[in-house]
Amino acid sequence: MSKDDSGNQYTSTNNVKVNEETIKAYLSGKLAEGEMPAVEAYLASETGERQLSQMMEQAWEEEDVVSDREVFERVESNLQDHIKQTKQEEVFRWTRLRATMGIAASIVLLLAFGVQFLLLEDSSKEAVAKVPMMIKETTKGLKSTVHLRDGSKVMLNSESKISYPQYFTDSSRVIHLEGEAFFEVAKDKSRPFTVIANGVSTTALGTSFNINGRGNQCKVSLATGKVAVHQVNEQENYFLKPGQAVQFDLEARTVSRSEYTGFEDFLWTKGIIAFNDDHFERVIEKLSRWYNVDFSIENTGVVKQYTGRFDNKSLETILENMSFTLGFDYFIHEKKVKIIFEN
């Protein structure tokens, strides 16, 4: 195989020209069968691997998504098998195909699906790696910061949990989240960082973002960098830039995108509890989790909404403000709070 004067095209011994367009055709399954051996030989070389890596980085920056249906179905099938195995055995499994298809599968997964890489070595062989799982969780009234081995930092909100392998692989970093957490991801272009929460997958190379996966919703808010977000069983990706958020309603099966300016979704990391025209039930749920107390409500009447922001204030201070605005009396005894609305 020889290099031509352009510096980015190679010609094999059987005169098959291998360039960026040929590689893209190969990845999408549109390359003629007779040309495939030449492309595979090139991709197996050090130069070919380097060019694939450059194409992956460029495609990420340009949001150039590989969307071939056949490739999608094949990789999505492998992903579902992987998820089932993880749930059943509480370990992460990685399968490998041929080395030439390993990087290709990685590109498809990163760009088209935003999930962990499934590298392939030989379809007739399956190498299963069992990795001990780490679990970190918080209870009501507590928050915690977890430092990962790769240099990333995870701040867990109250009543939240993350699980992840003790050692990340050479190709991916995958974390499962229940509840809410803020992630500061250490940059590593060779190992995308994926968070799976409430059936929603968020993938980044190095950035910071907040994920709230409580109840029937999952909201991803981006602070810095760029992330690709998608529902595990769906094909469409949502690329976010700083100041943007995407919210999935898992019950109504709807998706909404939004922009923000006040960084409301990140305030909890600074000890600030905020409400923005929130329904009273949601306010009480948040206060219960934040201060580790149980509420009992009498004479709720019509549905009420509340707006307020409190920087490291006591529960009594917040209730005093709310009682004046919404019209109720409150009584605090140890970990129990009674609220009685005026008739």
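With a relative accessible area of 31%, Gly-141 is partly exposed, a class that lies between buried, under 20% relative accessible area, and exposed, over 50% (1.4 Å probe, protein chains only). The model is a predicted one, in which local features need pLDDT of at least 70 and side-chain atom pairs count only at pLDDT 80 or more, while totals for chains, interfaces and linings use all residues. Residues are numbered from 1 along each chain as its sequence is written, and side-chain values use heavy atoms, with hydrogens and water left out.

**The chain as a whole**

- The protein chain contains seven helices and 22 strands, where helices (H or I, at least four residues) and strands (E, at least two) are DSSP runs numbered from the N terminus.
- Of the 343 residues in the protein chain, 48% are buried.
- When contacts between residues at least 6 apart in sequence are considered, 52% of them join residues at least 24 apart, a contact being heavy atoms within 4.5 Å.

- Strand 4 and strand 7 (residues 161–165) run antiparallel and are joined by five bridges, and Met-133 stands opposite Pro-165 in strand 7.

- Helix 6 (residues 280–291) packs with helix 7 (residues 315–326) at an angle of about 170°, and their axes are 12 Å apart.
- The two helices, helix 6 and helix 7, are therefore roughly antiparallel to each other, since angles under 35 degrees count as roughly parallel, over 145 as roughly antiparallel, 65 to 115 as roughly perpendicular and the rest as oblique.
- On the side of helix 6, Phe-280, Val-283, Leu-287 and Tyr-291 meet Leu-315, Ile-318, Leu-319, Met-322 and Leu-326 of helix 7.
- This contact of helix 6 with helix 7 has nine nonpolar, no polar and no charged residues (Ala, Val, Leu, Ile, Met, Phe, Trp, Tyr, Cys and Pro count as nonpolar, Asp, Glu, Lys and Arg as charged, and the others, Gly among them, as polar).

- Gly-141 lies in the loop between strand 4 and strand 5 (144–147), and, not counting residues up to four places away in sequence, Gly-141 touches Ser-158, Arg-289, Trp-290, Tyr-291 and Asn-292.
- Although Gly-141 and Glu-159 are 18 residues apart in sequence, they are 8.0 Å apart in space, C-alpha to C-alpha.
- Asp-188 is located in the loop between strand 9 (180–184) and strand 10 (193–197), and at 19% relative accessibility Asp-188 counts as buried.
- The side chains of Asp-188 and Arg-191 are joined by a polar contact of 2.9 Å, a polar contact being a pair of N or O atoms within 3.5 Å; within protein, one must be able to donate a hydrogen and the other to accept it, and residues adjacent in sequence count only if both atoms are side-chain atoms.
- Leaving out residues up to four places away in sequence, Asp-188 touches Arg-173 and Leu-205.

**A hairpin and positive phi values**

- Strand 21 (residues 328–333) and strand 22 (residues 336–341) run antiparallel and are joined by six bridges, and Phe-331 stands opposite Lys-338 in strand 22.
- These strands, strand 21 and strand 22, form a hairpin with two residues between them, and Glu-334 in the turn has a positive phi of about 55°.
- Asn-198, which is not a glycine, has a positive phi of about 55° and lies in the loop between strand 10 and strand 11 (200–204).
- Asp-277 is found in strand 18 (residues 272–279), is partly exposed with a relative accessible area of 45%, and has a positive phi near 55° although it is a residue other than glycine.

Key:
Two strands pair if DSSP finds at least two bridges between them. Axes are lines fitted to C-alpha atoms, for helices over the stretch in contact, and angles run from 0 to 180 degrees between N-to-C directions.
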